[in-house]
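Take a walk through this chain with the structure open beside you.

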Amino acid sequence: MPINQISVFLENKSGRLAEVTKVLAEAEINIRAMTIADTADFGILRIVVNNTDKACQAFEKNGFTVRITKVLGIEIEDKPGGLHKVMEIFKENGVSIEYLYASIEGNKHPVVIFKVEDIELGLQIAKRNSLVTVSDL
């Protein structure tokens, strides 16, 4: 199953990330994974949370622009070469990766979040190669 990722569009100014975390804290939303990409003028915060709908409502109520994107969460063996194994499978099967980032939750295996060009193809390849996908972090 794919995971819902929230992209939050931010002005690149001091304190803006604190505003994001305040909104989530006040809405009692837990962040499971996150990454940020920025330019001189704006940033895109990509996050996976425990309640996507509630988080989006809180963001929109507080004036943030958000978008939901489907991504893959794949458990990675916690050993050298664990990520490489998945990357090779995707390469051999023509899965185009737009970006990725990681999350480590408690004692579970690390999970890498993949934004792929074709989510259905990515899911099929993962299943066919016995990769463990997660639908919730």
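Start at V8. Setting aside neighbours within four places in sequence, V8 is in contact (heavy atoms within 4.5 Å) with G43, I44, L45, F59, F64, T65 and V66. This is a predicted model, in which local features need pLDDT of at least 70, side-chain atom pairs count only at pLDDT 80 or more, and totals for chains, interfaces and linings use all residues. Residues are numbered from 1 along each chain as its sequence is written, and side-chain values use heavy atoms, with hydrogens and water left out.

The largest nonpolar core has 17 residues, and I6, V8 and F59 have the most contacts inside it. Such a core is a set of buried Ala, Val, Leu, Ile, Met, Phe, Trp, Tyr and Cys residues joined through side-chain atoms within 4.5 Å. Two or more residues each come from strand 1 (3–11), helix 1 (16–26), strand 3 (42–49) and helix 2 (52–61). Helix 2 gives the largest share, 4 residues. A second, separate core has 15 residues, including V86, V112, L123 and A126.

Which residues does R67 touch, not counting those up to four places away in sequence? They are Q5, I6, S7 and F9. R67 itself is found in strand 4 (residues 65–75). The C-alpha atoms of R67 and V8 are separated by 6.8 Å, although the two residues are 59 apart along the chain. R67 counts as partly exposed because its relative accessibility is 48%. The cut-offs are simple: buried means under 20% relative accessible area, exposed over 50%, and partly exposed in between, with a 1.4 Å probe and protein chains only.

Now step back to the whole chain. The secondary structure comes to 4 helices and 7 strands. Helices (H or I, at least four residues) and strands (E, at least two) are DSSP runs, numbered from the N terminus. Along the sequence, the pattern reads β-α-β-β-α-β-α-β-β-α-β.

How does the overall extent look? The C-alpha atoms fill a box of roughly 45 × 30 × 25 Å, taken along the principal axes. The radius of gyration, taken over C-alpha atoms, is 16 Å. That agrees with a compact globule, because 137 residues would give a value near 14 Å. The globule rule is 2.2 Å times the number of residues to the power 0.38. Buried residues make up 42% of the 137.

Two loop residues deserve a look. E28 lies in the loop between helix 1 and strand 2 (31–38). E28 is not a glycine, yet its phi is positive, about 60°. At 65% relative accessibility, E28 counts as exposed. S130 sits in the loop between helix 4 (119–128) and strand 7 (133–134). Its phi is near 55°, a positive value in a residue other than glycine. S130 is exposed, with a relative accessible area of 62%.

Finish in helix 4, at E120. E120 counts as partly exposed, at 46% relative accessibility. P2 is 118 residues away along the chain, but the C-alpha atoms of E120 and P2 are separated by 8.8 Å.
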